[in-house]
Amino acid sequence: MTKTAALFSTYRFAGRDLDHRLVMAPMTRNRAAADGTPSALMSEYYTQRAGAGLIIAEATTPNRVGQTYADIPGLYTDAHVTGWRAVTDSVRAAGGRMFVQLQHGGRVGHPDNSGLHPIAPSAIPLPEGIHTPAGHQDSVVPKAMDTDDIEATIADFVTAARNAVAAGFEGVEIHSANGYLLHQFLAANTNHRTDEYGGSIAGRIRFTLAVVDAVAAAIGPDRVGIRLSPGVTANSIAETDTEALYPVLVAALAERRLAYLHLVFADPESPLFHQLRALWPTTLIANPNLGWGVPLPADGGRAAAESLLTAGADLISLGRSFLANPDLITRLQTGAPLNPVRDAHLMYTGGPEGYTDYPVLDRIPSAA
Ligand SMILES: Cc1cc2nc3c(=O)[nH]c(=O)nc-3n(C[C@H](O)[C@H](O)[C@H](O)COP(=O)(O)O)c2cc1C
């Protein structure tokens, strides 16, 4: 099989074939209502991208205190479920499938964004501050979570996961990456706890495993994916033991037989990638590192995707290429040029501009 054939070969995922190996990565776009209810605009955006085959919907908060930024969606009220149901119905009618990412921000939050004081493994603020409706502000010192906070947070993940199923998602992706709450437990610079949720590797992975176990018990392990970002420094995470911690964590997760493991910035040359692949028994989704803050490569990440498939990934997630190309799959299949990401400042601004107005092929004048 050629590499190109692999990208467009079918893959059995959760009991049904996907037509190709590309997945839309979760991307926060801040287009929900102020109370976290998904909007009709979000339905249009995701439906435009149903060709992704599998869409992992953007970071969605399981409770109010976990809300990172303004206008991100939730899954903890009836209105959230109803709003998401409209999105999943529309995407399914267009032939797409959806998981949703559950994200608790931990110290990545602000009272001006959530209305509540953030909580985190330890009382260590986010050094770089955070965006709020009033502009960029210093972070507040989060409250260190006590046992009640830990139990309540796990319970909220369970409720949100049940709500996700009620809203028509095939499953949930637990966000344990990119410096948000679960990652803050994993990393020694954000976890100074002296109880059973801190200290050793076994202590620091305990919270992620507890969330996964509770959610898997509620909706079934085959409806649960997990996102990890070994070595990624987003939100001022500074891991001290990446090579030691992730094999232990992934081996423990492997016993749970989850739907998938989703690795951020996967590097096909890294020994850790191959080690984690060997440990993982089910679907591995890899998100290539295409360079952050730089224009995307002209091929939209196709070569990087093919390298990761060759290195053993089952599916490849792409973010910005799907953001800018609603019909990314058709363009890659036909060799048509890709839209570049335009107006990066519109990523998080709300409204249709830079969101639902990216052109598809039959609307490009030169292709007419
Ligand atoms: C606008 C935007 C929002 C993002 N929001 C999320 C998010 O909600 N959850 C998450 O895990 N990653 C998020 N990411 C990271 C992407 O999922 C992906 O890992 C990253 O963009 C690299 O992939 P790419 O080079 O194909 O864009 C976001 C990225 C972008 C560009």
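Trainee: Which residue forms a salt bridge with Asp 241, and how far apart are the closest N and O atoms?

Mentor: Arg 204 is the partner, and the closest N and O atoms are 2.7 Å apart. A salt bridge is a side-chain nitrogen of Lys or Arg within 4 Å of a carboxyl oxygen of Asp or Glu, so 2.7 Å qualifies. This is a predicted model, in which local features need pLDDT of at least 70, side-chain atom pairs count only at pLDDT 80 or more, and totals for chains, interfaces and linings use all residues. Residues are numbered from 1 along each chain as its sequence is written, and side-chain values use heavy atoms, with hydrogens and water left out.

Trainee: What makes Asp 241 and Arg 204 a link between distant parts of the chain?

Mentor: Asp 241 is in the loop between strand S11 (224-228) and helix H9 (242-254), while Arg 204 is in helix H7 (residues 201-204), 37 residues apart. Helices (H or I, at least four residues) and strands (E, at least two) are DSSP runs, numbered from the N terminus.

Trainee: Are Asp 241 and Arg 204 buried or exposed?

Mentor: Both are buried. Buried means under 20% relative accessible area, exposed over 50%, and partly exposed in between (1.4 Å probe, protein chains only).

Trainee: Why is Arg 85 called partly exposed?

Mentor: Its relative accessibility is 32%, so Arg 85 counts as partly exposed. Asp 89, at 37%, is also partly exposed. The side chains of Arg 85 and Asp 89 meet in a salt bridge at 3.2 Å, N to O. Both lie in helix H3 (residues 78-93), 4 residues apart, about one turn of the helix.

Trainee: Why does the salt bridge of Arg 16 with Glu 170 tie together separate parts of the sequence?

Mentor: The closest N and O atoms of that pair are 3.3 Å apart. Arg 16 lies in strand S2 (residues 16-18) and Glu 170 in the loop between helix H5 (147-166) and strand S10 (171-176), so the pair joins parts 154 residues apart in sequence.

Trainee: Why is strand S12 described as largely enclosed?

Mentor: Because 6 of the 7 residues of S12 (residues 260-266) are buried, the strand is largely enclosed by the rest of the structure.

Trainee: What makes S11 and S12 a pair?

Mentor: They have 4 bridges in the parallel sense, and two strands pair if DSSP finds at least two bridges between them. So S11 and S12 meet the rule. S12 and strand S13 (residues 283-288) also pair in the parallel sense, over 5 bridges.
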